[in-house]
Every structure is written in structure tokens, then in C-alpha cells.
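The report below goes through a single protein model, element by element. Please keep the sequence and the coordinates at hand while reading.

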Amino acid sequence: MIEIEEVSKVYERDGHAVHALERVDLEVKEGEFVTLLGRSGCGKSTLLRSIAGLERPTSGRVSIRGERVDKPRRDVGIMFQKTALLPWRNVIENVLLPVEIMRRKSAASRARALELLETAGLKGFENRRPGELSGGMQQRVSLCRSLIHDPDVLLMDEPFAALDALTREELTGELQRICEEQGKTVVFVTHSIDDAVMLADRTVVMTPRPGRVSHVVHIDAVRPRSLGHSEQSGYLAERRRLLHDMLFERSRSGT
Ligand SMILES: Nc1ncnc2c1ncn2[C@@H]1O[C@H](COP(=O)(O)OP(=O)(O)OP(=O)(O)O)[C@@H](O)[C@H]1O
């Protein structure tokens, strides 16, 4: 569904070349949940923005369903760490913003917004302003907004990084459920090994200078997942250790 072929990105900064990505190859299948995991500066956001059509690779090609991506697409939804909700609009008006911009606002989209808000646990908050909501609730609104036009692909750049640990765990669980119910293809950028283990079908480990894919790790566990007590907690803990070792370069082999 998403094909990244030999993608390199070089930025110019103060007369120096910054090799943000070097010859990255990756394929994401329909319905797959892929996390991009790595330290700061390894090119995760650059790769995500290239898939979103917000950044042009210096060389190589990104395509979705066989079509080269050179601008943002309607079948893609995006969610960032900063919610960028408009403070003067209430919750439902914020959720409806993308369909308004696409001139596709209708009674059906309003009904879908209400349904999404209910799924995200925000029933009854439709008329509140973002400033009246907690950080976690604002991210739920942002998730509903990224899903309002029913995109097939969801691109997420550390969406829960600024939240406290408990809210983060709760939202990670809800994201698993919503993506499974709605059959989305997801690429999710994170620094967090726990996010990767909880969410991913496959985790792509990246290394910096230049940004490259160093390992790809499959997480073959059923959902909902929990790092606490469950039959698969031993397996998840092993995957967690493997990713940890890869990030700290103690292990250079195996998936
Ligand atoms: N617009 C830009 N101009 C110049 N350099 C940039 C630009 N955007 C990113 N970079 C550089 O490219 C490299 C990769 O950045 P990128 O933000 O993609 O990494 P990241 O893995 O997402 O980092 P983080 O986890 O800190 O967000 C970094 O060295 C960064 O400083």
C-alpha cells in the first residue's frame, strides 16, 4: 500500500548538508500498523512527512497505492504531537475542519463526527472549547479530526509524547481498538519502546547520521495487548528487550 523506495533527504543548514535520510526502503501493507522507532534526529519525522506529501525527498520515491506522493492526499490522515486545535472553535467544529476545507461537510460528516467523539469517550463534550479540555482529551479530539474524512492511511508523529504516563497508556489502548475496528493502515513515529511493542505489527528501528533503517522487528501478538499480566507478557518483554538492545547497539542481528 505504501512504498518507500531508496528515499534520501538532504537538508542544507548553515552551508552544511544534513543527511536526514539515506536510501530508505520500506513497504507497508494494507491494514498494517508500523512504528518508526529511533533516537532523536534519525529522520523519523522526515520520513513520515515524506509519506504525507509535506516533504519532498532529495531522491527516491514514495508512493501510495502505486501513485507517487508529491502533495498531501485525501486518503491520508495526519496527527502530530501538538494538537493544533483552533481555540475559538468548539470540539465538533474542530473535528469537522478537514471536511470543511475539502468542501465535503454534510449531515453525514456531522453524524460521523458525533460517532467518532462517542467512540473516543467524548460524548457530551461536543460544544466545549479546546481550552476547557485536558491534554488527553484534546488529543482524542485531534484523533477524531484525523479520522473524520475516513482516510485509509493514518500517519502519527509522536501523538501522545506530551501526555502523562497513565493518559498515554489509556490512549494507546484506545488507538489499538479504534484502528482495529476501522481497519486503518498506520505509520506511527515514536521514541518509546513500549509504544512500539504495544501497537506495532512491525517496528522499524532507525539510526541517525545518516538516517537509515537498521532493523525491522515483527511483533506477532494478538490485540488488545498489555505489558502487564497476560499470556503474552513474556513474549512482549522479550521483544521489548530486543528493541532496547538494538537501540543501544548491543545487538546487531536478528528480527
Ligand atoms: N527543515 C529542516 N532543515 C534542516 N535540517 C532539518 C530540517 N528538518 C529536520 N532536519 C534535520 O534532519 C535530521 C532528522 O530530523 P527529523 O526531525 O526527521 O528526526 P526525528 O528522528 O524525527 O527526530 P525527533 O525524534 O527529535 O523528532 C536532524 O538532524 C534534523 O536536525
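Which residue with a positive phi follows α4? Helix α4 is followed by G121, whose phi is positive, near 75°.

## Basis of the model

This is a predicted model, in which local features need pLDDT of at least 70 and side-chain atom pairs count only at pLDDT 80 or more, while totals for chains, interfaces and linings use all residues. Residues are numbered from 1 along each chain as its sequence is written. Helices (H or I, at least four residues) and strands (E, at least two) are DSSP runs, numbered from the N terminus.

## Helix α4

Helix α4 comprises residues 107–119 and reaches 18 Å from its first C-alpha to its last, close to the 18 Å expected at 1.5 Å a residue, the expected span being 1.5 Å times one less than the number of residues. Its buried residues are A113, L116 and L117, where buried stands for 20 or more other C-beta atoms within 10 Å of the residue's own, exposed for 12 or fewer and partly exposed for values in between, with C-beta atoms placed from the backbone. These residues cover an arc of only 100° around the axis, which puts them on the same side of α4; the arc is that of the directions from the helix axis to the C-beta atoms.

The face turned away from this buried side carries the exposed residues A107, A108, A111 and E115. The buried residues of α4 pack against α2 (91–95) and α5, contact being defined by C-beta atoms, placed from the backbone, that lie within 7 Å.

## Helix α6

Helix α6 (residues 165–182) has 18 residues and spans 26 Å from first to last C-alpha, close to the 26 Å expected at 1.5 Å a residue. Buried in α6 are R168, L171, T172, L175 and C179. They cover an arc of only 110° around the axis, and therefore lie on the same side of α6.

On the other side of α6, L166, R177 and E181 are exposed. The cover over the buried residues of α6 includes β3 (33–38), α5 (135–147), β8 (185–190) and α7 (193–199). After α6 comes G183, with a positive phi near 60°.

## The four-stranded sheet

Four strands form an open sheet with antiparallel pairing, in the order β2-β1-β4-β5. The strands β2 (16–28) and β5 (67–68) stand at the edges, each with a single partner strand, so one side of each is left without a neighbour in the sheet. Pairing requires that DSSP find at least two bridges between two strands.

Between β1 and β2 there are nine bridges in the antiparallel sense, and V7 stands opposite V24 in β2. In their hairpin, which has two residues between the strands, D14 takes a positive phi near 50°. Strand β4 (residues 59–64) pairs with β5 over two bridges, also in the antiparallel sense, and S63 stands opposite R68 in β5.

## Core and ligand shell

The largest nonpolar core has 65 residues; such a core is a set of buried Ala, Val, Leu, Ile, Met, Phe, Trp, Tyr and Cys residues joined through C-beta atoms within 7 Å. I51 is among those with the most contacts inside the core, and, not counting residues up to four places away in sequence, I51 touches I2, V62, V69, L155 and V187.

Of the 14 residues around the ligand, Y11, A20, S40, S45 and T46 come nearest, a residue being near if its C-beta atom, placed from the backbone, lies within 6 Å. The largest share of this shell, three residues, comes from α1.

Definitions and conventions: Two residues are in contact if their C-beta atoms, placed from the backbone, lie within 7 Å.
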